[in-house]
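The following account leads the reader through a structure, one part after another. Please keep the sequence and the structure in view while reading.

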Amino acid sequence: MPSRIIEWIDQRFPLTSFVKHDLTDYPTPRNLSYWWNFGFLAGIVLVLQVATGIFLAMHYKADVAVSFDSIQHIMRDVNYGWLLRYMHATGASAFFFVIFIHMARTLYYGSYRAPRELLWWTGQGLLLLLMATAFMGYLLPWGQMSFWGATVITNLFRATPFIGDQVVIWLRGDYTVGDATLTRFFALHYLFPFLIIGGVLIHLVALHSVKSSNPSGIDLAAKDNIPFHPYFTIKDLYGLGVFLIVYSVFVFFMPDSLIEPANNIPANPMQTPNHIVPEWYFLPFYAILRSVPNMVGGVVAMGLSVMMFAFMPFLDRSRIPGGARYRPLYRLQYYLFLLDMLVLGYVGYVHPTDQTILVGQIATLCYFASFFFVPFISKMEERWLIKRGLPAEVVTLMKSESLEIEKRKLKHSRHNGVKS
Amino acid sequence: MEKENPSVGNRRNFLIKLTSVVGGAGVAATCVPFVASMNPSSDVLAKAETDVDLSGIPPGGMHTVAWQGKPVFVLHRTPEQIKASAESNGGIDPEPDSKRVINPEWLVVVGVCTHMGCVPNKEGPGWECHCHGSQYDDSGRVVRGPAPKNLEVPPYRFAADNKIIIGKA
């Protein structure tokens, strides 16, 4: 009976072929390590956030007079409200945690290289959406950090040329962050996750068109690909188990560790807390904002610092595949960059003093310099490594890739020749 | 095959362009109410003026009042503070003290840091913003960045010796 139903559906909708092509039989490199789990984990966290968020929205009230109290209502009176809220708050941090690792893996293994540029850029777009969603969600509890975080970030738009002040008032719907701001942030905080789901679908279509990269950096022949199910469903599920243990430790044993104490004080537009900090996942970018002494410059630098990753396919001029795997200089640069991010994170967290401002400025310079020097270092490193000798498979891949490029050029020039 | 009349193609192109432009204008016009709905509503615009009674503020004391939802610092300056403010010209955004006050005894400035909009704290002479470390003197002028400008002086007028109205000069 079920097979007859499926047959009926298949004649009208490509159900079986879709499941085969994109889920069960989807060819996956057999050597994927656990670093390739984090895209799947991000998907699970997205589902968790949407689910907890919808149920929280059934009890939350977006109104400056009652929203702070409605959080207390959720925490104390709603059945399992505390659990939903702690899952949602911890989930935001978990989301950034897995996304940062997902990005770090891409950078380490050079997975942004051709032909995966669009995959990387759709991911960059998703990061921006995620940041916007997290930022707007943070206003909803209407605590002191919520209020002042939203005040500072909406103020960034004052850097817009000529109409900066009007843009800020338009974004807030008021002269200060107020009731109008809270309601629109709630509306958009509910909308954006669905945009993210759409973006994820595009991201997956791109992935299934170019297929996964793998830690060897070499495109594997068909015989080295294995079906996604059961090999990677089980590997992803194992990773999910480990992830959920860590997540549960935070949710059940230390849920307040990720919530700033000042956010337990209702928003007060007349008094800025002495120490305002963003959530940990924004700290490095916040430190860059603070490091530039000029306001517009700081805003531009902060925006650029998030967008720099998108330029990597252009900046990395080495033809050697596999990212840091075969490239010692790139590997060194990679670890120095991670260290620099940690320094920036620390500087973003502490109260600004002359010393930390100086450290922040140096770290900001290092941040941009590490992108700026990638083209030169990667080219130089490539020449050095070719002279020193590379593994045979790498050389073969490089040759076939350059052949592809030559072919494309030839086709292009022939095409142009016909036109003229 | 019949020979095409060249004017037919032109007419079609023209009509396609015209329709696109009119349609585009319609879409743009439809966006206006949506965008405008996000600007401050009438009840928000109505909180435009605030009266402040100065009689309760001792010399050297400061009151913070709300105007358009923003904090406004009303500082009753001592002769020393007036003298110190008159002597300097500020720092990053130079401006004489006399241009920032109506009566030098009373400094009225919007208590919103011109950098990122935090409320600076009264500390020592002047104010310090704890968000990003900007400092202002007793005339509300920025003396240490990253703030680019002096604290804004709102439009206000003295309705009596001890009463000001903030919102209209």
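Predicted model: local features only at pLDDT ≥ 70, side-chain atom pairs only at ≥ 80, totals over all residues.

**A guided reading of chains A and B**

A:Pro230 is found in helix H10 of chain A.

Helix H10, which covers residues 228–253 of chain A, packs against helix H3, residues 38–57 of chain A, at an angle of about 60°, and the two axes are 10 Å apart. Because of that angle, H3(A) is oblique to H10(A). The crossing in which H3(A) passes H10(A) is right-handed. On the side of H3(A), the contact is made by A:Phe40, A:Leu41 and A:Ile44, and on the side of H10(A) by A:Asp236, A:Gly239, A:Leu240 and A:Phe243. Sorted by class, the contact of H3(A) with H10(A) has 5 nonpolar, 1 polar and 1 charged residues.

Another helix pair of chain A is formed by helix H5 (residues 81–108) and helix H6 (residues 117–139). Their axes come within 11 Å and cross at roughly 160°. H5(A) is therefore roughly antiparallel to H6(A). Here H5(A) passes H6(A) in a left-handed crossing. From H5(A), the residues that make the contact are A:Ala92, A:Phe95, A:Ile99 and A:Thr106, while H6(A) brings A:Trp120, A:Leu127, A:Leu130, A:Ala134 and A:Gly137. The contact of H5(A) with H6(A) comprises 7 nonpolar, 2 polar and no charged residues.

The loop between H5 and H6 of chain A holds A:Pro115. The peptide bond from A:Ala114 to A:Pro115 is cis, and its omega is near 5°. A:Phe162 has a positive phi of about 65°, although it is not a glycine.

How do the axes of helix H11 and helix H14 of chain A cross, and within what distance do they come? Helix H11 (residues 283–291) and helix H14 (residues 328–349) of chain A cross at roughly 70°, and their axes come within 7 Å. H11(A) and H14(A) are therefore roughly perpendicular to each other. The crossing of H11(A) past H14(A) is left-handed. In H11(A), the residues A:Leu283, A:Pro284, A:Tyr286, A:Ala287 and A:Ile288 meet A:Met341, A:Leu344, A:Gly345, A:Val347, A:Gly348 and A:Tyr349 in H14(A). The residues of the contact of H11(A) with H14(A) divide into 9 nonpolar, 2 polar and no charged.

Chain B itself is divided into domain 1 (1–39) and domain 2 (45–166). The centres of domain 1 and domain 2 of chain B, taken over C-alpha atoms, are separated by 54 Å.

Chain B also contains open sheets. One of them is formed by 3 strands in the order E2-E3-E4, and the pairing is antiparallel. Its edge strands are strand E2 (62–67) and strand E4 (106–110) of chain B, each of which pairs on one side only. From one strand to the next, the twist averages 20°. Strand E3 (residues 70–76) of chain B is joined to E4(B) by 5 bridges, and the two run antiparallel. B:Val72 has B:Val110 in E4(B) as its bridge partner.

Another open sheet of chain B has 4 strands in the order E5-E6-E7-E8, with antiparallel pairing. Strand E5 (121–122) and strand E8 (142–144) of chain B are its edge strands, and each pairs on one side only. Strand E6 (residues 127–128) and strand E7 (residues 135–136) of chain B pair in the antiparallel sense over 2 bridges. In E7(B), B:Tyr136 is the bridge partner of B:Trp127.

Key
Residues numbered from 1 in each chain as written. Chains lettered and ligands numbered in written order. Pairing = 2+ DSSP bridges. Axes fitted to C-alpha atoms, helices over the stretch in contact; angles between N-to-C directions. Parallel < 35°, antiparallel > 145°, perpendicular 65-115°, else oblique. Left-handed = near helix turned anticlockwise from the far one by under 90°. Contact = placed C-beta atoms within 7 Å. Nonpolar A, V, L, I, M, F, W, Y, C, P; charged D, E, K, R; others polar. Domains from an automatic or database assignment.
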